[in-house]
Amino acid sequence: MRSPRPTVRPGASLLALVGLLACQGSPPPPGPAAAFVPDATMPRAAIPDQFKWPLAPLFADDQAFAAALDQAAAARARLAPLSERLDDGARLHDCLALYFDTRLLTNKLTLYASLRLDSAQSDTAAQAMHEQSLQALNELMRLSSRIRQGVLALEDRTLAAAYAREPRLRAFTPYLDEQRRRRARVLGPEAENILGLFGDNLWAEIDLNEIPSDFEKAFQATMAELSLGKLRDEQHRLVSVTLSSYPQYRASTDRRIRRQAVEKLLGALRSQEKQLAATFAGQVRFNVTLARARGYDTALAAYLDKENVEPVVYHNLVDTVARNVAPLHAYVRLRREILGLDRVHLYDLYTPLVPAVDFDFPYETARQLLPEALAPLGPEYVTVLAGGLDPRAGWLDLYPHQDKRSGAFCASVYGLHPFVKMNYYAGFDDLSTLAHEYGHALHSHLAYANQPYVTSSYPPFLAEIASTLNEKLLVDHLLANAKTDDERLFLLTHLLETIRTTIYRQTLFADFELRAHRAAEAGTPLTAELLNQTYRQLIGEYYGPDFTVGPDDEVEWAYVPHFYYKYYIYSYATGLSAGIALAERVKSGDPAKRDAYLSLLKGGSSKPPLVILEQAGVDLRQPAAIEAATALFARTVDEIETLWRRRNPR
């Protein structure tokens, strides 16, 4: 998927709507800025200002940021004594009001510092500001733990009396209900303190992939020192293989290069497999220990309960995909035939199936095309989208430059417009990424515009639906307007690879993560041998008889950072499955189905995530949406084969 996003979620507000209204209408006439040619080696100052996000809506400058840091510290100082006794309705209201005000200010601090650093990675002042903002966030999280303990200690009758005496308290009912939903999992003060000291994350109010454990840090340190050696590239130059360049060489059309790249990575992982197994095992045991400390039977139940998601969703995904691997086997057979291979190996899975098409989507073209592609989402959505795509709206930091971090993301804070980070050139991948990130932006825009701050953030479980739905609608639009078989083949293979890597591959990972935790919960040591055997069995089952499992393929699990994200990786597969299913509903032309989807985008966390999704038309406790995605994969394999055979008759 895309680059990790900052802690705060993307979104928008009335302020953003005002800004958008000012930007509606025809695009600006072509000029020097419209003809801008991106170059990653140029300084930021060389990029026209309209293509760089202004940070003034967050803070006017670094001095204002520093003043806000002091303001947040003062707010925390006032909050600490308020959190000590919460059985009085007025006091509880005042505590929660100050807490949410402080959290909003802290989110602005972390966002400003993150965006500032993203475009100036070597700037030591930006680095220091980033650390200061994270420190402020950590200190607020410690206070939030005290507030939570006070809230959970309240008896039901005490809270009912507080509501009766202080009507303003009802504004925080969704937050209080969500906190008290897991009340039975709370231990005594001494035990809670001990769990906190040991890094308990089951009550964290931010995404868990934003909280690295010591085991994850050890994994990252090991990977940072991993030496992958060198190979000769397509021009026969001797080049170093790094974790950054590995995906490029893995996808080479030269089989010698991609084979060497994969073998070098797997060989390096093999040399560290015992250390990496011990590190991963430590993470798994830590997850299991925290879950058992709170009375859960499994770590899966504990971590899904944190997001108010039933474990049946996870099991349904794993079981349904396992029953529908036949289309993936057919894909491997087709890949073998198209590429003219005797057998398909791991190093053959990422090279392009068909030659790339020279699509050209300069940004002004993208601005016109995306609203057309997303027109099934209705005029409300398209109007906001068109305004947000206008560089003058301030949503977008568009082009690459020196010292700018690679990748793309969308993030913002309640009360302001989204901030969309791109490294845009003009290729198809750039256009697809733009559609993806504006899916996040519009999701949060609608949630923030329709929810109070308390219920405005949507949970990680729902986070990838809007983005993947946008990508699907874009591909469908381009397919409907494809001019040649080459264009159609290219677009179909893009869709195919998206489903393969996001649903099949991520579910394989989810299955591996589940089996590792089950072994630990049964008291089985997680040795390198056991992990290798488990992974080897899974890749054999998933990819089928035309796939050859290489001698070191079994250690690929050690390369996956998501295994340290605490049962997070499954949400990529459920997100795309739901996105595909909802895209078909939206495309039906039924306004009720479209509006049901828009209600999901507007819902934030006002209801449990499974309820919000089910009301939009998808129930991930049942296999239908996942089966529909695998059926689409099968149809796409068949269409590619038909087109390819028409061009390559035997």
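These legends walk through a few close-up views of a predicted model. Local features need pLDDT of at least 70 and side-chain atom pairs count only at pLDDT 80 or more, while totals for chains, interfaces and linings use all residues. Residues are numbered from 1 along each chain as its sequence is written, and side-chain values use heavy atoms, with hydrogens and water left out.

**View A. Here R168 meets D94 in a salt bridge.** A salt bridge is a side-chain nitrogen of Lys or Arg within 4 Å of a carboxyl oxygen of Asp or Glu. The closest N and O atoms of this pair are 4.0 Å apart. R168 sits in the loop between α5 and α6 and D94 in helix α3, so the pair ties together parts 74 residues apart in sequence. (Helices are DSSP runs of H or I, at least four residues, numbered from the N terminus.)

**View B. Here E497 meets R335 in a salt bridge.** Their N to O distance is 3.5 Å. Because E497 lies in helix α20 and R335 in helix α14, the pair ties together parts 162 residues apart in sequence. Both E497 and R335 are buried, meaning under 20% relative accessible area; exposed is over 50%, and partly exposed is in between (1.4 Å probe, protein chains only).

**View C. Within helix α20, look for D511 and R515.** They are four residues apart, about one turn of the helix, and their salt bridge has its closest N and O atoms 2.9 Å apart. D511 is buried at 7% relative accessibility, whereas R515 is partly exposed at 27%.

Notes. Helices (H or I, at least four residues) and strands (E, at least two) are DSSP runs, numbered from the N terminus.
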